[in-house]
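I opened this notebook to keep track of what I looked up, one entry at a time. The entries begin with pairs of charged side chains and then move on to the packing of helices.

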Amino acid sequence: MVLKPFKAPGARLALRTKRPAKPSTSMEGDAEIILDLSRLLSRCFHPTPTGIDRVEYVYARELLARMPDRLAFAAVHPAGGYYGRLDTSAVRQFLAFTIAKWRNVESPDQRKNRATIIAHLFALRPRPVPRASRPRVYLQVSPHHLDDEEQVGAILRAEGAKFVTLVHDVIPLSHPEYARPQGAEEHRRRVRTIDAHAAGIIGNSQATIDALAPHMQYGLDGRAVRVAHFGADPQDVFALKGYAGPERPFFVYIATIEPRKNHMLLLNVWRRLVERLGKDAPVLVMVGRRGWEIENVIDMLERGEAVRDHVVEAGELSDREMEELIAGARAMIMPSFIEGFGMPVVEALSAGVPVICSDISAHREVGGDAPDYLDPIDGLGWLRLIEAYSQPNSPERDAQIARIAAWRGPTWQGYFDIVTDLLEEVTAQVS
């Protein structure tokens, strides 16, 4: 069955002079799905993952389970940028190594760990693209090399494939003040590549699709477009208990320290909490690496005597440490100004951990009625609610726990049902 293309609200129906090319083929049968793993390979020496790293890993894991006979892997290889196919058995071993590394960051022998990564990269050296025996769909779920339209076009021509991509956000274009200095132009090139080549687009939220539409010269009409919220199956999230975290009540914020994440608001809130409560003030645990243009945050962390004993900059943690930490928190807090998707919101709620987050569309879309929402510039509101949640028998926290019991979050099974549906639509276009 051929499904009608999804028309996103706000999509601009521009005059089209160029559309994603349709490969000329008379081949029949289910299309081969080629998953690009460039992002994971490029990040293989990093001990902890970003959200995009996690998503690419889950795609590989889930599609291997769903369609092993149709799935192949490819990458722009970090060793030299050469494009080609990856051996599937080597990919399986690399995925197993990667998740084990994320679960336990500390390695007893970093030199041995590095040697193991190099061995995996050698096993994953690209092979030539085989001759096609059936239609092909090339699936890329990270922004890696999307800023090079010429390279993406060459990949698609070599494969004779339709292109499907996942868009995580359009923040560098919609809010360039929160991006790195060259971030807006780099993201503009990525969107141009998507505009020129994508037959299918997956948005992690309706907010992302709505933000993308005005930047698509050829519009969204006629493409296969789906909104699919990232999943968090409860049995896989924060399953470990008993972490010996701060003895006082504590809150957790997981985010790279960068301007749009609004860490400065929390630091000012904590200064006021210490002034009011003294040694009984709760603790803020900040998980994530330091990013860019954060001089004022660093000054507060390194020279702010008032918050020194009440704010912990934990840096990058292993998955196991992070799960145990969040399980003991009074709440996950997310005061960011803008997001493409609120993954920590979904993960915390799926684990039954309360969430206090900024009142933005991406958070509302996935959190529904469960979290407590606050304007990201309402400092007094954040102060009041965090102080209330830190109490042993907090009515506000108990009320949210009751709401969480009625909340039904997205799952990876449901997510990949949507993705599979989109791939089948694009496959029908190819056949």
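**Entry 1**

I began with glutamate 32 and arginine 85, whose side chains meet in a salt bridge with 3.2 Å from N to O; the term stands for a side-chain nitrogen of Lys or Arg within 4 Å of a carboxyl oxygen of Asp or Glu. The pair links distant parts of the chain, since I found glutamate 32 in strand 1 (residues 32-36) and arginine 85 in strand 3 (residues 83-86), 53 residues apart. I noted that strands (E, at least two residues) and helices (H or I, at least four) are DSSP runs, numbered from the N terminus. Both glutamate 32 and arginine 85 are buried, where buried means under 20% relative accessible area, exposed means over 50%, and partly exposed lies in between, with a 1.4 Å probe and protein chains only.

Before going on I wrote down that this is a predicted model, in which local features need pLDDT of at least 70 and side-chain atom pairs count only at pLDDT 80 or more, while totals for chains, interfaces and linings use all residues. Residues are numbered from 1 along each chain as its sequence is written, and side-chain values use heavy atoms, with hydrogens and water left out.

**Entry 2: further salt bridges**

How many salt bridges does a search of the whole structure find? The search gives 31, and I looked up some of them.

The side chains of arginine 290 and glutamate 313 meet at 2.8 Å, N to O, in a salt bridge. Arginine 290 lies in the loop between strand 9 (283-287) and helix 10, and glutamate 313 lies in strand 10 (residues 311-315), so this pair ties together parts that are 23 residues apart in sequence. Arginine 290 counts as partly exposed because its relative accessibility is 32%, and glutamate 313 counts as partly exposed at 31%.

I then turned to arginine 308 and glutamate 305, which form a salt bridge with 3.0 Å from N to O. Here arginine 308 is partly exposed at 38% relative accessibility, whereas glutamate 305 is exposed, with a relative accessible area of 58%.

I also found a network of salt bridges that links Asp147, Glu185, Arg188, Arg189 and Arg192.

**Entry 3: helix 9 and its neighbours**

At what angle do helix 9 and helix 10 pack? Helix 9 (residues 263-277) and helix 10 (residues 295-303) pack at about 30 degrees, with their axes 9 Å apart. The axes are lines fitted to C-alpha atoms, for helices over the stretch in contact, and the angles run from 0 to 180 degrees between N-to-C directions. Helix 9 and helix 10 are therefore roughly parallel to each other; that word is used for angles under 35 degrees, while over 145 is roughly antiparallel, 65 to 115 is roughly perpendicular and the rest is oblique. The contact, which means heavy atoms within 4.5 Å, is made by His263, Met264, Leu267, Asn268 and Arg271 of helix 9 and by Asn296, Val297, Met300 and Leu301 of helix 10.

I next compared this with helix 14 (residues 379-389), whose axis comes within 10 Å of the axis of helix 9 and crosses it at roughly 55 degrees. That makes helix 9 oblique to helix 14. Among the residues that meet are Leu265, Trp270 and Leu273 in helix 9 and Trp382, Leu383 and Ile386 in helix 14.

**Entry 4: helix 14 and helix 15**

I followed helix 14 to helix 15 (residues 395-406), where the packing angle is about 85 degrees and the axes are 7 Å apart. That makes helix 14 roughly perpendicular to helix 15. I listed Leu385, Ala388 and Tyr389 of helix 14 and Glu396, Arg397 and Gln400 of helix 15 as the residues that make the contact.

**Entry 5: one alanine, then the whole chain**

Is alanine 348 buried or exposed? Alanine 348 counts as buried, because its relative accessibility is 0%, and its place is in helix 12 (residues 343-350). From C-alpha to C-alpha, alanine 348 and methionine 332 are 6.8 Å apart in space, and they are 16 residues apart in sequence.

Last, I looked at the chain as a whole, which has 16 helices and 13 strands. Of its 431 residues, 54% are buried.
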